[in-house]
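Colleague: I would like to learn how to read a fold from its coordinates. Could you take me through it, feature by feature?

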Amino acid sequence: QVQLVESGGGSVQAGGSLRLSCAASGYTYSSKYMGWLRQVPGKEREGVAAIYTGGDSTCYADSVKGRFTISQDYTKNTVYLQMNSLKPEDTAMYYCASSPVWLSRFSVLSAPEYTYWGQGTQVTVSS
């Protein structure tokens, strides 16, 4: 199993920045992809960004391209999500997730493809 713990959420004004962190432990070698997904009440969980753990291939949702950057630090088993130029519509609970299977670029941002999940960290952007 893989345990994931997110941190770094908070409240920020529109245009501001936050950096989320996801510390992984357990059988981390089994993770092929790490993703950040978000959810607001009443809506489905949506993929924001993902990274291939065996390299630096990344994928982003159109809504965050150019504003968010996903990265990883192998030495710390940690994945980051740098969020710049935040907008009120970015307000959500953000989850870190891990997938042990190969994913295509069409499914790497799909929540059902991920097996292990963190508890989430809230991001609130005010206008």
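Colleague: Which residue in S5 does Trp 36 stand opposite?

Modeller: Start with the rule for pairing: two strands pair if DSSP finds at least two bridges between them. Here Trp 36 faces Ala 49 in S5. Strand S4 (residues 33–39) and strand S5 (residues 46–52) are antiparallel, with 6 bridges. This is a predicted model, where local features need pLDDT of at least 70, side-chain atom pairs count only at pLDDT 80 or more, and totals for chains, interfaces and linings use all residues. Residues are numbered from 1 along each chain as its sequence is written, and side-chain values use heavy atoms, with hydrogens and water left out.

Colleague: Which residue is the bridge partner of Trp 36 in S9?

Modeller: Cys 96. S4 also pairs with strand S9 (residues 92–99), antiparallel, through 7 bridges.

Colleague: How many helices and strands does the protein have?

Modeller: Elements are DSSP runs numbered from the N terminus: helices are H or I with at least four residues, strands are E with at least two. This protein has 0 helices and 11 strands.

Colleague: Which cysteines form a disulfide?

Modeller: The test is a pair of cysteine sulfur atoms within 2.5 Å. The structure holds 1 disulfide. Cys 22 and Cys 96 form it, with their sulfur atoms 2.0 Å apart. Cys 22 belongs to strand S3 (residues 18–26) and Cys 96 to S9, so the bond ties together parts 74 residues apart in sequence. The S-S torsion is about -75°, so the disulfide is left-handed. Cys 22 is buried at 0% relative accessible area, and Cys 96 is buried at 1%.

Colleague: How many salt bridges does a search of the whole structure find?

Modeller: The criterion is a side-chain nitrogen of Lys or Arg within 4 Å of a carboxyl oxygen of Asp or Glu. The search finds 4. Among them is Arg 67 with Asp 90, at 2.7 Å from N to O. This pair links distant parts of the chain: Arg 67 is in the loop between strand S6 (58–60) and S7, Asp 90 in the loop between S8 and S9, 23 residues apart. Both ends are buried, Arg 67 at 10% and Asp 90 at 1%.

Colleague: What of Glu 46 and Arg 38?

Modeller: They form a salt bridge too, the closest N and O atoms being 2.7 Å apart. Arg 38 is buried at 6%, whereas Glu 46 is partly exposed at 36%. A network of salt bridges links Arg 38, Glu 46, Arg 67 and Asp 90. Another pair is Lys 65 with Asp 62, at 3.2 Å between the closest N and O atoms. Asp 62 is exposed, at 65%.

Colleague: Where do Asn 77 and Ser 85 lie?

Modeller: Look at phi here. Most residues other than glycine have a negative phi. Asn 77 has a positive phi near 50°, in the loop between strand S7 (68–73) and strand S8 (78–83). Ser 85 has a positive phi of about 50°, in the loop between S8 and S9. Both count as partly exposed, Asn 77 at 37% and Ser 85 at 41%.

Colleague: What is the radius of gyration of the protein?

Modeller: Take it over C-alpha atoms, and compare it with the globule rule, 2.2 Å times the number of residues to the power 0.38. For 127 residues, a compact globule would be near 14 Å; this protein has 13 Å, which agrees. Buried residues make up 43% of the 127.

How values were computed. Buried means under 20% relative accessible area, exposed over 50%, partly exposed in between (1.4 Å probe, protein chains only).
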